[in-house]
Amino acid sequence: MKKRQMYIRMITASLLRRRSRMLIALLAIAIGAAILSGLVTIYTDVPRQLSMQFRSYGANMILTAQEGQLTQEDVDSAIALIPSDKLVGAAPYRYETVRINDRPVLAAATDLESAEKTSPFWKVDGEWPAASGEIMVGAGVAETYNLKAGKKLTCTFAPETGSDGNEDEVVMDNYKDFTVTGILDTGGNEEDYVYMSREDLAELTGIETTYSVCEFSISGTSDELKVIAEKINGSVDGVSARLVKRVTQSEDTVLGKLQSLVLLVTIVVLALTMICVATTMTAVVAERRKEIGLRKALGASNRSIVGEFMGEGVVLGAAGGLIGSLLGFIFAQVISMNVFNSSISLMPWLIPVTILAAVVVTGAACMIPIRSAVDIDPALVLKGE
Amino acid sequence: MSLLELKNVSKIYGELHALDHVNIKVEKGEWLAIMGPSGSGKSTMMNIIGALDRATEGEILLDGEDIAKKSEKALTNIRRDKIGLIFQQFHLVSYLTAVENVMLSQYYHSVPDEKEALEALERVGLKDRAKHYPSQLSGGEQQRVCVARALINYPEIILADEPTGNLDEANEEIVVELFRKLHQEGTTLIVVTHNPEVAEVAQRTIVLRNGKVDHETINENFTGKIKHITLM
Amino acid sequence: MFIRMIAKAFLRQWKKMAMIALTIALGASLATAMLSVMMDVEDKINQELKAYGANITVVPKNSSVISELYDVEDGNITGSYLREDELGKIKTIFWAFNIIDYSPFISTTAVLENGDEATVTGTWFNHHMDLPTGETLDAGIASLRSWWDITEGEWLDEQSSMAEHEAMVGTAFAEKEGISAGDEITLDGDNEKLTVTVVGIFDAGGEEDDIIYVAVDTAQALGGLEGNIDSIEVSALTTPDNELAEMAAKNPGALSVSQYETWYCTAYTSSVCYQIEEVITDSVANVVRQVADSEGQILEKMKLLMVLITILSLVGSALGICNLVTASVMERSQEIGLMKAVGAHNPAITGLVLCEILVTAVIGGVAGFFAGIGFAQIIGQSVFASSISLRPMVIPVVAVLIVIVTLIGCIPAIRMLLKLRPTEVLHGK
């Protein structure tokens, strides 16, 4: 039998047959590793997750035409430049002044489904318009006209006089009937607009759909957004993409604080956990001073004793690290599901890192008591009852 | 040349002279018993002979080599290569089987060999208990594992500290019988004990008192067999 | 004798006891720090979220619709204004303490020398107020518009004597008119013609970049609007609205007396709005949903996140303590075997061990508690640059936690000790 085989046999024997003690150590290491991997997962995933939360502040980038109006093509090519997993919503808006009861009101036409995503803070009393002929009115407008969900109204639109200069020609106003589906409450000037689908506004005005502005809600830091904006400005002609500073800047500030909070908490928790693991390992090894004495009496060199105990420590650390990294992932997953309602992304690199960290900490924790134990006189250990 | 020679060896713990200028010679193949009351210096002497501890002064010649001034590391090598230890408390590693405990000694000495270890256990009559753990063995059986562990590397000296201290009479006899066999095979045996029955079987007995050699007796009719003193 | 034995145990094995105490101290400090941070995190993050600006806007009752809708030159065609002299009252409402910032706005138009028209808005920059409560408050857009970048010059300082003759200009406007910091511009308003010095140029990344900002008095003088205010933006620490608050927001009269009291005495956005409407004549306070709702959502998430991390770390430290207590008690099997051999009964041994461990736990726990307060302060200072307030609640929670955890940690060890047979232990294995 080779020496190495005996070495492995001794370590396995020690680990498997001293089950209760080793389980204590393993448990300690696994908990430590679980906390490590769990918190690191949360820490790395928090910006992504929180960034999604911060999208509740609405659009953080707007696209306008340098001159005139945006075309659908402009919007599409801009969207193509934004990584799809980062894009929360893109809502192009077209504004026209229409008349309700002969009083002018600003009508906004947009992709209403996207608007719901880019402006999640809009509070709608009633429903969002879904079908043609449905309209959502701002709270201010609703007050002025005494509108409620379910009421009917008629919008009229006066087309500009033809370019042929025939101003005498009486141009009939376009009109369309709408049913109010909801009242919009935002606390901002959106309350003074009415919202309808793009098709309805095109039908009402008789003008092909172009947009005044397109709102984007993109998850990412302001630096990432700046890169995207520059890319759009560079590759799409005639448009200008700008960040909504109020949203991006503030998000950076708040997110930075939150992340450093989680980081500090992680560091504190980790430091304490590591010390806990170390004290447990110290207790577990210190218990075996007598065995160390015996091995010395049998002629074992300090090096081989350290080697054997470190071997055990490494195996324990690796096993604990593996169990811990799995548990930690579950922990992080549970937290993520509870807090953010979304699953966490598994980071495969974290498993070897956790195992390595567990091995290093366990090894270091074993080292202290072993060092002091190998220095003792074998005779003293053997004499003691 | 004697196998082992202690010249003017003293061991001083603070004020206490545990060994006081002791001179002893042990010949190769000899069976020596060391006796004495508690505190007479038996254990100290055992530790010094076993290279577990160093003397304060004096020379210890093992195979003609003075080991008194050797480094810690050199002492470790001497223990490994030349000495087989047997303890009163057995000191078996609780999570290793009998055969593995024997192999442990081989492991530190050279290369573990399960077959050889099993043969050693066979010699002490424990072949069928090889896969048992110390906790599953009786005291006598544990001590026999210790003997097997001590002899596995063919040491120059087997040093036994109260080998029968924790054993009943029947087991005591078995262990002494093992010693007799070892002696016949030419092994040098040093047995530290305060049991006169165990001491009497040896060829020669040294009695220590207050750290000094008090007197020495030679067993004229040495048989290596134990004679029980029966109380009438 | 009992006390003597315990004292001896400490003297003899002070190293082991110190290790247990250390572990317990670590656990206790972790628990204290996490609980303190968790309980304070809502306030702290709420403060941070103020970076998004005001969450309440106050406008005159009649104007709310029309002025913005028409986008007409005069800014305010309906002629309804808020009263400037009532501004101080906002800091006297029931939830005055939660109002952390506010600023009035008054807009008018003026003509530049080259004939270009410009919107001039009067506001507070860093308006200093001495409140009747003895507190002081620096309110204004310097803090309400934290996202503005000052590209040139600096913020207008209202405390300086020249404040009335100074202005800040948005980048878009500055570029169009070729204005840079330090230039003098002449504003010809409806009422007066004034010359102001541009002290700073800002980049707001929005419509505000086309506006000239001046002190309230200056704008009022330009437009002849003395004592009038268009709107007020208020930044208040609020509790996210729940069903009750939503019901109340629609019609406070519909609530029962007790519901009304609960609502009024909770810092809901809607109740703060209601209270502002009470003190500002003919006003409507609107919730800025973009800010208020998002705030509520993020606050809740962060709180939940902290709660879960706290639980995680508490469980971690509990298991750590249990583990070490078990390991260290097991180590003493020989001593216990001896005690049994000399005739100690199980309850006596259990009592002794428990007492020793608990004394250790108390020492460790107290040390850990203070260390934990330190940790919490480190976190508070380095993340939020303000100290974490210590809640008395933390003390009993940590104390109970430590005692329970320590006792649980003893259970497996004590069970093992009771099963020990003295002979096995004393004869060595």
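This is a predicted model: local features need pLDDT of at least 70, side-chain atom pairs count only at pLDDT 80 or more; totals for chains, interfaces and linings use all residues.
Reader: How many residues of chain C are in contact with chain A?

Author: A contact here requires C-beta atoms, placed from the backbone, within 7 Å. By that criterion, 54 residues of chain C meet 56 residues of chain A. On the chain C side, the elements giving two or more residues are helix 2 (14-49), helix 3 (66-70), strand 14 (283-287), helix 10 (289-331) and helix 12 (346-384).

Reader: Which element of chain C gives the most to that side?

Author: Helix 10 of chain C does, with 24 residues. Sorted by class, the side of chain C that touches chain A holds 29 nonpolar, 19 polar and six charged residues.

Reader: Turning to chain B, what is the strand order of the open sheet?

Author: To read a sheet, follow the order of its strands and then look at the pairing. The four strands of this open sheet in chain B run in the order 2-1-4-5, with antiparallel pairing. Strand 2 (16-26) and strand 5 (65-66) of chain B are the edge strands, each pairing on one side only.

Reader: Over how many bridges do strand 1 and strand 4 of chain B pair?

Author: Five bridges join strand 1 (residues 4-13) and strand 4 (residues 57-62) of chain B, in the antiparallel sense. As for individual residues, Glu5(B) has Leu61(B), in strand 4 of chain B, as its bridge partner.

Key: Residues are numbered from 1 along each chain as its sequence is written. Chains are lettered from A and ligands numbered from 1 in the order in which they are written. Two residues are in contact if their C-beta atoms, placed from the backbone, lie within 7 Å. Ala, Val, Leu, Ile, Met, Phe, Trp, Tyr, Cys and Pro count as nonpolar, Asp, Glu, Lys and Arg as charged, and the others, Gly among them, as polar. Two strands pair if DSSP finds at least two bridges between them.
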